[in-house]
Amino acid sequence: MLKLLSKSIREYIGPTIITPLLMIGEVAMEVLIPMLMALIIDNGVYAGDMDYIVRMSVLIVLSALLSLSFGVAGAFTAAKASSGFAKNLRHDIFYHLQDFSFRNIDSFSTSSLITRMTTDVQNVQQSYQMLTRICFRAPVMFIFAIVMVANTGGSLVMIFAVAIPVIAVLVYLLMRKVHPIFNRVFKNYDKLNMVVEENLTGIRTVKAYVREAHQIEKFNDSSASIRNDFVKAQKFMILMNPMVQAVAYICMLAICWFGAHLIMGGKMGTGQLMSTFTYTMQILSSLVMIAMIITMLSISRASAERICQVLATEADMELDGPGLREVENGDIEFRNVNFSYGGKGQSLCLKDINIKINAGEMVGILGPTGSGKSSLISLIARLYDVTEGSVLVGDHDVREYNLTALRNRVAVVLQKNTLFSGTVRSNLQWGNKDATEEEMKWALTVANADFVFSAKDGLDSIVEQGGNNFSGGQKQRLCIARALLKNPQVIIFDDSTSAVDTATDAKIRQALRNDVKGATKIIISQRVNSVLDADKIIIMDNGRIQDVGTHDELMERNEVYQALVSVQLGGKENAGSDE
Amino acid sequence: MPGPMNRRMGTTMVKHGGRTFKRLFSEVFRGKGLRLAVVFACIIISALVTVFVSSMIETLIDDYVTPLITGQLDSFAPLFSAIVRWAAIMAFGVLSVYVYTRIMVTIAQDALMNIRDKMFEKLQRLPISYYDQTQHGATMSLFTNDVDTLQQMIGQSLVGIVSSLLTVIMVLVTMIRNSWQLTLVVIAATVILMYVTKSVAKKSGRNFAAQQANLARVNGFIEEMINGSKVVKVFCHEGESEKDFDAINEQLCETMTKAGSYSNVMGPITMNIGNLQYVVLVFIGSAICIMAGDFASGYTVGMLAAFLQLSRSFANPISQIAQQANFILMALAGAERIFEFLDRENEVDNGYVTLVNCTEDENGNVTESEERTGRWAWKHPHTDGSPVTYTPVRGAIEMHDVDFGYVQDKIVLHDITLYAKPGQKIAFVGSTGAGKTTITNLLNRFYDIQDGKIRFDGININKIRKDDLRHSLGMILQDTHLFSGTIMENIRFGKLDATDDEVIAAAKLANAHDFIMMMPDGYNTMIENDGEGLSQGQRQLLSIARAAVADPPVLVMDEATSSIDTHTETLVQSGMDRLMEGRTVFVIAHRLSTVRNSNCIMVLDHGRIIERGTHDELLAAKGVYYRLYTGAFELE
């Protein structure tokens, strides 16, 4: 895990290494100063030696300045290292995600991917900063301080030989007790937030069914369990402070007692006794710091693991590999295709698919939800790989193409489509970065999205996140225009006019027929109307092609089709057509 | 604990700090006066002990070590008894720290729980217009960020600042008693420290705000790109989005480095100002000591040593206060937002006509019943003192000349008049924005009308208690919202006391039973994340089942079957017909095939009913409906 994460350090290796060094320097000064202070008292003040005091004061001032510079420099390098590391980490995850195939994307939920890239990265960044700053600081301070006590206080150091193990064991026991409770608290927090979120989105349902009281009860339950867990965890956590304080006090008393003896025995000065007090505090506080680091690291460990899961997932399709870069024509052929989202051995959602579609044809696909319509078309742009058999575009297996080249020539208007925040223009440029104004206008006209022209800002109209400032039908038409700009050889519409009324739908199809002549057009729809006039209509059922034919042929022989027509058009087969 | 709380520093804007603090204080400590007194006493004790410990060394040196050296004392026995005494005092201090933190844990967690519960209850009681006008993110942030900062404040900062303040005062008093000259030095150093802290904090705050803005931008971009990742792939847009991402990621890194640097720098600065102050103290102190004989008799080395120790325990609480004050300001800003939220007006309900169980004898006389009879009546008390009347619930709906606008002067529905007799099916047809959904939202009083009257079984709906009105209206909305829980629980949402059998019967009616049985745990399958993994069609089936189990006399179906493919729809249709039987039904549908058998079809345009009649009548009239039906007219 660490190895995977450490790859993101890169150019920030400098500050990452310098920071702990600066911290060690700062700590050394921090430990040195109390010693100098002790000397000043013992040799200067008691002896009334003003010269000595001046000399040592200068030394202390210098040390303080040095410590200050180390500290300030370290502050900057630490910030640089951790921000840089986080930047690289974000960069790496983002780039890695771009390489993901549809199958890879399906294996994570989108909300979890978002959390991994935001909250988890922030947690890891915090720990990283801590690692560079405190992680060295605390143990180094601990060791230095022990050495200094041994040096100035002599045998007083024995006190710590007893105190340190005691405090370490106490802290360890405490952590072990508290940790699982905190984990539970975090989970409960997520649950609580979920309940709030659900009620924000579903408030109309709640109110329509008068379920306010019920929801409040549910919320109060999880709110109470958070409270109880927190109290339980903190009941232990708050022991920490008094515990450490108690040990510190005991140490001080012991130092008082034994120190007095040492001074009497002439083995120690008063100033040395005082600096021993300071070191005692340093030793104990560095112990507490170490304990805190361990807890925090273990909290962010979960975050690091989640990030590594993403980074360790290997993209299973190469975006820019070798392979054909030209798609010769828009012929499509399925040969004995079996397909399952889970791979071989899983239940198939496409079985024995054999069909040939000629370049330039308009093909309609009908069938109930779950019959495999979307799965079928997703194989053409190689969004997924077939489980068995092969899919050919332009007489070559789709796996022989360079993926980018293939997808540039095969446009898919997805069922779950999105616009991105920006302008209409910037969204259309997704289809073709260099599209001219004329080309954009043409695409918008074909897609019947002329509402853009009547808008005040035209092509520069603002698009909000997810395109939420447009109606469902408008969004779908913009998505169609975007796909048209790719000037594709195959264009696939996956139920992409469901929110467009029948008349406009008909106009779009008419325009496609007239203005996008060369491209093969595949239309998935739930409306018979939308496919009536197609060159071929494919009827899907339960993962198989149940029938293929023109409207007239199917009207004659296919019962499913007849039933659909009669339900939707009331038996009037010409209703809603283009004429 | 690390967490989101340290991500919002710098966004402090407190308008009525004093008032908010007072309210928060009473919210947290109301009825807990005794415990508050104990906490306060314990804080004082522990502060006293802290000061005592700082001056312990003086006593040690002056009263025991020096006398031992000079031979005024000849044994360690007095020192031993002193140490025992000190130990007792320290134990007392440790104990008091434990007591007050322990009490505060419960007080803080209770207060947080109460505030959260109050907020959620408020959330349930707010009128629909609140949800229309407020972004979800803003409300969520009240529950997460703002409550988090409160937790920090009540749990730690409040006690921390009081104890630091007490410590500072006591240390100051002790220092002045020891030596006012040296105290001046300490005060001077403190002033410098505060000045530096303030200016660094200002810079840091500015950069922090910039960092938060950039972070929000990067996170927003990530969210958008991940949600649209399949679209990115289909358009081979990977390279472009990588480039865009790099640019804002770089900016974020820059501001983060700056903000981080300034906040990291505080520690070393504070510490070393302390060190320099120490040197100055030693210098002046020693000078005084050495020259003590001349003008400052009574100064001892022990005194100086103690003073030095004291001066060190002075800087610490001062920087604590600065830090905690910052937290408290942040928390007050959050508390202010929370109180503002809690002070919002609830959904108003002046209804007094209620829904009661009843029995009906053969003469049509209705009597109220305590038991569940399966029959319902409106209980209508009259203001003029005449006896309470009971009207059986039948499901007749009338609208007379109804005008409505979401805002006062922008009317979106005009002169809506319609009658639905019990058991009739009324359909609304029209383009998006014509006002179809709005009409149904008036029936259940999500919004109140501007003019006109709506009657339910002849009773003005303004007189009916909202809860009861909604109980008698089943709504199947455009978007189905599922709540985390089992499928069983989600259907039971319609009627909390429904038995498992009733739920299953309802699911069968809606044709949802089959797909539910195919799920891993059947009816006990857990639903999470608003039904992730369920298709839109399946969700709508669940929503229909939910309405079926509620069994209301009036049903509103807003595009209830829009996402069910026609194949499945025919399956659902029979169940729907059974569900609609004997009920008054309002249907909104895009697909005209679903409204054909309605008793009356209303064609809406720009908030007005422009045509009404049965399917055949409307076709014969060859108006808008005819053109819609034949596909010659745009419907969006």
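Which residues does Ile492(A) touch, not counting residues up to four places away in sequence? They are Ile377(A), Ile380(A), Ala411(A), Val412(A), Val413(A) and Ile522(A). Contact here puts the C-beta atoms of two residues, placed from the backbone, within 7 Å.

Some ground rules. This is a predicted model, where local features need pLDDT of at least 70 and side-chain atom pairs count only at pLDDT 80 or more, while totals for chains, interfaces and linings use all residues. Residues are numbered from 1 along each chain as its sequence is written, with chains lettered from A and ligands numbered from 1 in the order in which they are written.

Now chain A as a whole. Its secondary structure comes to 20 helices and 12 strands, taken as DSSP runs numbered from the N terminus (helices H or I, at least four residues; strands E, at least two). An automatic or database assignment divides chain A into domain 1 (2-312) and domain 2 (332-569). The centres of these two domains, over C-alpha atoms, are 55 Å apart. The C-alpha atoms of the chain fill a box of roughly 115 × 55 × 55 Å along the principal axes. Of its 579 residues, 47% are buried, that is, 20 or more other C-beta atoms lie within 10 Å of their own C-beta, placed from the backbone.

Next, the core. The largest nonpolar core has 244 residues, and Ile380(A), Ala481(A) and Ile492(A) touch the most other members. Such a core is a set of buried Ala, Val, Leu, Ile, Met, Phe, Trp, Tyr and Cys residues joined through C-beta atoms within 7 Å. Helix 10 (residues 301-342) of chain B gives the most to this core, with 20 residues.

On to helix 16 of chain A, residues 472-484. From first C-alpha to last, this 13-residue helix reaches 19 Å, close to the 18 Å expected at 1.5 Å a residue; the expected span is 1.5 Å times one less than the number of residues. Helix 16 of chain A is largely enclosed by the rest of the structure, because 12 of its 13 residues are buried. Among them are Arg477(A), Ala481(A) and Arg482(A). The buried residues pack against several elements of chain A, including strand 6 (410-413), strand 9 (490-494) and helix 17 (502-515).

Last, the interface. In total, 122 residues of chain A are in contact with 118 residues of chain B. Helix 3 (residues 50-99) gives the most to chain A's side, with 25 residues.
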